[in-house]
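Take a walk through this model with the sequence at hand. Begin at a turn, then follow the strands, and end at the metal.

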Amino acid sequence: MSVKKKILIISDTHRQFTYLERLHETIEKPDLILHLGDVARDQDYIQALFECDVDMVEGNNDFFSGLPGEFTMHIGNHVAFLTHGHGYSVYNGTDRLLRRAKAMGADIAIFGHTHCPMMEPREGVMLMNPGSISSPRQSGRQHTYIWMEVDENGEYRADIRVVE
Ligand SMILES: [Mn+2]
């Protein structure tokens, strides 16, 4: 597979950059960073650190940020729906998020907010949450992100990775 595009997916950085900086020192340069919200003030810093665009949605702690609450984008042959997730009550499951992603014609739904990583196919939609690289809440509390690579055929592979 020849990689055409590398996307770093992160969320809920909440002004804490220790693990993000560590990650920056060890990974190859992404072509794009997707940030699933919280907090908007981190966008400029991350953009400067990685020297690449950071596309971001508004989190529940991002007041008057001017960021979109959600958007869709093409990733290779796929359509991804991005939102922080608080508007879809993701703490109580992914039903509402899934319904909205389908309505938007997406086969990938990327969200944050829970600070718990997830990679799970459900009814034709791949649900992805990078967790929080700064303040993880899942058991074991590993500092996680998602690394995604898109190939020349428009297919992607994505996996949850840990910053040690
Ligand atoms: Mn949040």
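Which residue takes a positive phi in the hairpin of S9 and S10? Gly-154 does, with phi near 85°. That hairpin has four residues between the strands.

A word on the source: this is a predicted model, where local features need pLDDT of at least 70, side-chain atom pairs count only at pLDDT 80 or more, and totals for chains, interfaces and linings use all residues. Residues are numbered from 1 along each chain as its sequence is written, and side-chain values use heavy atoms, with hydrogens and water left out.

Strands here are DSSP E runs of at least two residues, and helices are H or I runs of at least four, both numbered from the N terminus. S9 covers residues 143–151 and runs antiparallel to S10, joined by eight bridges. Tyr-145 stands opposite Arg-161 in S10. Thr-144 has Val-162 of S10 as its bridge partner.

On its other pairing, S9 meets S1. These two strands also run antiparallel, with six bridges. Val-3 stands opposite Asp-151 in S9.

Step back to the sheet. Two strands pair if DSSP finds at least two bridges between them. Five strands form an open, mixed sheet in the order S3-S2-S1-S9-S10. Strand S3 (54–56) and strand S10 (156–163) are the edges, each pairing on one side only. From one strand to the next, the twist averages 25°. Angles run from 0 to 180 degrees between N-to-C directions, with axes fitted to C-alpha atoms, for helices over the stretch in contact.

Helices lie against these strands. Contact means heavy atoms within 4.5 Å. Helix H1 (residues 18–26) touches strand S1 (3–10), S9 and S10, and its direction makes about 120° with that of S10. Helix H2 (residues 43–50) lies across S1, strand S2 (32–35) and S3, at about 155° to S3.

How many residues of S9 are buried? Nine of its nine are. Buried means under 20% relative accessible area, exposed over 50%, and partly exposed in between, with a 1.4 Å probe and protein chains only. His-143, Tyr-145, Trp-147, Glu-149 and Asp-151 point one way, while Thr-144, Ile-146, Met-148 and Val-150 point the other.

Last, the manganese ion. Its protein donors are Asp-38 (OD), Asn-60 (OD1), His-84 (NE2) and His-113 (ND1), 2.1 to 2.5 Å away. Donors are N, O and S atoms within 2.8 Å of the metal (3.2 Å for Na, K and Ca); water is not among the atoms, so sites may look incomplete. His-84 counts as buried because its relative accessibility is 0%. His-113 is buried too, at 11%.
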